[in-house]
Amino acid sequence: MNRTSYQCLPSFISVSQNKHKSKKKMELLQNGHKPFVVMKPSELPLTNNGFSILNSLSETQYLGNIDPSRVFVTKVKRLIVKVGTAVVTRSDGRLALGRIGALCEQLKELSTQGYEVILVTSGAVGLGKQRLRYRKLANSSFSDLQKPQGELDGKACAAVGQSSLMALYDTMFSQLDVTSSQLLVNDGFFRDAGFRKQLSDTVNSLLDLRVIPIFNENDAVSTRKAPYEHCVQDSSGIFWDNDSLAGLLALELKADLLVLLSDVEGLYSGPPSDPNSKLIHTYIKEKHQEEITFGDKSRLGRGGMTAKVNAAVCAAHVGIPVIITSGYATNNILRVLQGERIGTVFHKDAHLWINMKEVSAREMAVAAREGSRRLQLLKSEERSKILLAIADALEKNESTIRFENEVDVADAVASGYEKSLISRLTLKREKIYSLAKSVRKLADMEEPIGQILKRTELADKLILEKISCPLGVLLIIFESRPDALVQIAALAIRSGNGLLLKGGKEARRSNAILHKVITSVMPDTVGDKLIGLVTSRDEIPDLLKLDDVIDLVVPRGSNKLVSQIKESTKIPVLGHSDGICHVFVDKSANIDMAKQIVRDAKTDYPAACNAMETLLVHKDLSNNGGLNELVLELQREGVKLYGGPKANGLLNIAETNSFHHEYSSLACTVEIVEDVFAAIDHINQHGSAHTDCIVTEDCEVAETFLSQVDSAAVFHNASTRFCDGARFGLGAEVGISTSRIHARGPVGVEGLLTNRWILRGNGHVVDGDQGIIYTYKELPLKT
């Protein structure tokens with residue numbers, strides 16, 4: 001596979017193979033959602049002019065939400081889970097009952113789903129030490145306590161702790177209707193081939209009976225005193241700690257996967273506490289062996305990250321994949337088997353994955369810039385043909401796009417996402433055809449690149465021209481709206497810009513398929529790297545550092561997202577955070593018109609950023625029935641109302657917690673104001689400078705409102721829902737900017753352009769301005 005191919009994999013999944021989805025999701029599938037089937041490339045309906053867009057990919061790469069570096073988990077039947085002392089005990093040495101309970105629940109779930117699960121556990125020494133310290137304290141006299149307290153014998157601690165630890169596992173598994181068994185081993189046993197065979201037979205018998213074997217090194221009688229020395233493939237079977245024991249058992253018992261649970265997320269490039277350290281998702285021995293410096297060993301056990309890495313490297317060398325991940329999370333084992341990109345993976349073929357990994361942030365940005373320059377070399381009609389081809393491809397692949405989108409929607413519903421997000425996430429047939437229509441409109445618009453904006457004669461035969469040109473490379477970070485990907489990509493092509501897109505994880509499949517549809521029609525003269533799809537959040541910090549390659553960042557999402565991005569980059573940021581849009585109904589308003597505008601502004605698409613969130617009503621309307629009519633109109637549409645201090649008592653509705661609140665649903669705030677000036681003050685104080693509207697028949701009041709409300713878009717007698725790039729005739733929009741620099745309001749093609757200066761002379765020199773006569777004559781524009 002090439003280096004970029006898996007960034008845009010759609011995810012056709014099989015219900016039968018995707019064993020780890022929640023029951024809630026399965027119920028969704030049974031109640032009307034389409035069944036998901038694995039499809040071979042030759043069977044894919046995704047075509048454009050007869051070309052199978054995904055024909056280079058193998059069948060296994062269509063399974064669910066699986067990261068390409070974790071595809072091997074689909075073949076796992078038998079797995080070994082090793083849990084360390086730092087996971088099963090707290091910092092004070094006491095048992096971490098919550099984490100152990102979560103571990104047992106995950107193993108029970110896997111066993112129920114047909115996996116053969118083997119547990120290797122540490123913690124006996126720590127637990128025994130805790131119990132013996134208490135016993136010693138209880139049996140000591142006051143004078144004994146005055147003496148220096150020596151260290152407890154580790155083997156005695158192990159002997160006491162083993163029975164207690166197993167009793168705990170037995171109790172917890174019994175509550176889950178699972179049977180477990182204890183197997184204590186030490187290094188000497190594994191030198192005996194007969195023992196190894198008997199061990200394998202016993203474990204196989206237990207697994208056939210759906211019993212979970214629990215292994216621990218028998219530290220009470222261990223004869224080893226040296227640190228870790230040998231790899232698990234050593235035929236002598238020497239091991240030192242439970243990490244290496246787990247690796248050895250994985251080999252002897254022919255496990256398909258070894259999961260090592262730690263107290264950190266995985267292997268880091270430096271100390272995990274160092275903010276500059278990065279999680280290593282895939283360990284490549286040739287690359288990482290000399291780069292990583294390990295810290296201290298385990299807090300309580302004998303292992304630590306060094307032991308885990310040694311065991312993982314050795315197990316991977318003989319063909320057993322290993323994943324090191326956090327045991328503090330309650331569902332990480334399940335997530336590993338779902339193919340999520342968590343923790344650090346060790347695999348014998350990892351060194352070959354360099355050719356299939358995501359390209360680096362800089363490589364992707366540079367490729368987009370190069371693609372932008374090639375795009376600008378095309379004639380205007382050639383760029384228009386690309387957009388028309390995209391529109392056609394969207395319509396031809398509509399069913400496949402919706403198929404992938406329905407999987408995203410089902411996941412979002414099962415995960416408990418809010419209705420407003422699910423609404424934004426959903427791509428219906430009408431929406432896809434509407435997107436195609438907007439792309440065609442962009443194709444038909446006047447050529448925006450290279451337009452002469454101003455021509456000036458500076459001196460005789462010295463002509464200066466100001467011309468439009470692309471910004472360069474755009475980084476767009478957006479959440480839960482796959483339709484935004486199409487709009488932004490089309491705008492980038494029309495304006496000649498390179499583009500990097502990072503969508504929300506909830507729209508991963510939808511974004512992938514849309515990206516593939518769009519890039520599949522790119523001519524070879526431009527290349528498919530003009531538009532890059534960033535699939536990992538880990539890439540964002542690196543991208544935000546590339547102020548020498550990326551020219552503009554446009555975040556589309558929550559206030560938190562926008563604020564974080566602004567604080568994290570030197571690149572100019574364009575966008576808005578909240579959409580706190582107001583409608584002010586003046587005392588002179590036509591009430592029937594006001595009801596129509598208020599209803600549309602709130603209910604046409606409540607999740608949109610241009611939907612009304614606050615209704616302001618002139619005080620006189622509370623006396624003549626106008627307020628009641630407006631309220632009843634909203635309540636008939638199912639809108640939940642919250643009142644400001646003046647409105648909540650009068651209308652007998654709950655008081656709002658904040659005027660600066662974006663509901664993004666069928667809910668809004670109502671407040672009563674004295675006059676237009678009070679309304680203006682309220683909007684400028686509590687609004688988000690997005691879109692605000694006045695409904696009034698008094699033109700003087702309207703002009704006061706239009707001139708004094710400091711928002712990107714201000715309307716008179718028109719719904720706030722008109723604030724949209726397509727409705728403004730821009731074809732599409734990158735987003736709606738509330739910034740005051742460069743572009744404001746819906747950002748279309750013009751907002752993605754800048755200008756440069758072209759000077760044409762005839763041997764002119766400055767020479768101290770001695771021999772030149774400046775004329776500064778404005779000249780007519782020419783094309």
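For touching residues I use contact, meaning heavy atoms within 4.5 Å. This is a predicted model, where local features need pLDDT of at least 70, side-chain atom pairs count only at pLDDT 80 or more, and totals for chains, interfaces and linings use all residues. Residues are numbered from 1 along each chain as its sequence is written, and side-chain values use heavy atoms, with hydrogens and water left out.

I found E671 in strand β20 (residues 667-673); strands are DSSP E runs of at least two residues, helices H or I runs of at least four, numbered from the N terminus. Not counting residues up to four places away in sequence, E671 touches L615, L616, V617, G644, P645, K646, A647 and F659. The E671 side chain reaches the backbone nitrogen of A647 at 3.1 Å.

Entry 2, β6. What encloses strand β6 (residues 211-217)? Seven of its seven residues are buried, so the rest of the structure largely encloses it; buried means under 20% relative accessible area (1.4 Å probe, protein chains only). In a regular strand, side chains alternate between the two faces of the sheet. I checked both faces of β6: V211, P213, F215 and E217 are buried on one side, I212, I214 and N216 on the other.

Strand β5 (residues 179-185) runs parallel to β6, joined by seven bridges; strands pair if DSSP finds at least two bridges between them. Strand β4 (residues 116-121) also runs parallel to β6, with two bridges. F215 is the bridge partner of L183 and of V120.

Conventions
A polar contact is a pair of N or O atoms within 3.5 Å; within protein, one must be able to donate a hydrogen and the other to accept it, and residues adjacent in sequence count only if both atoms are side-chain atoms. Buried means under 20% relative accessible area, exposed over 50%, partly exposed in between (1.4 Å probe, protein chains only).
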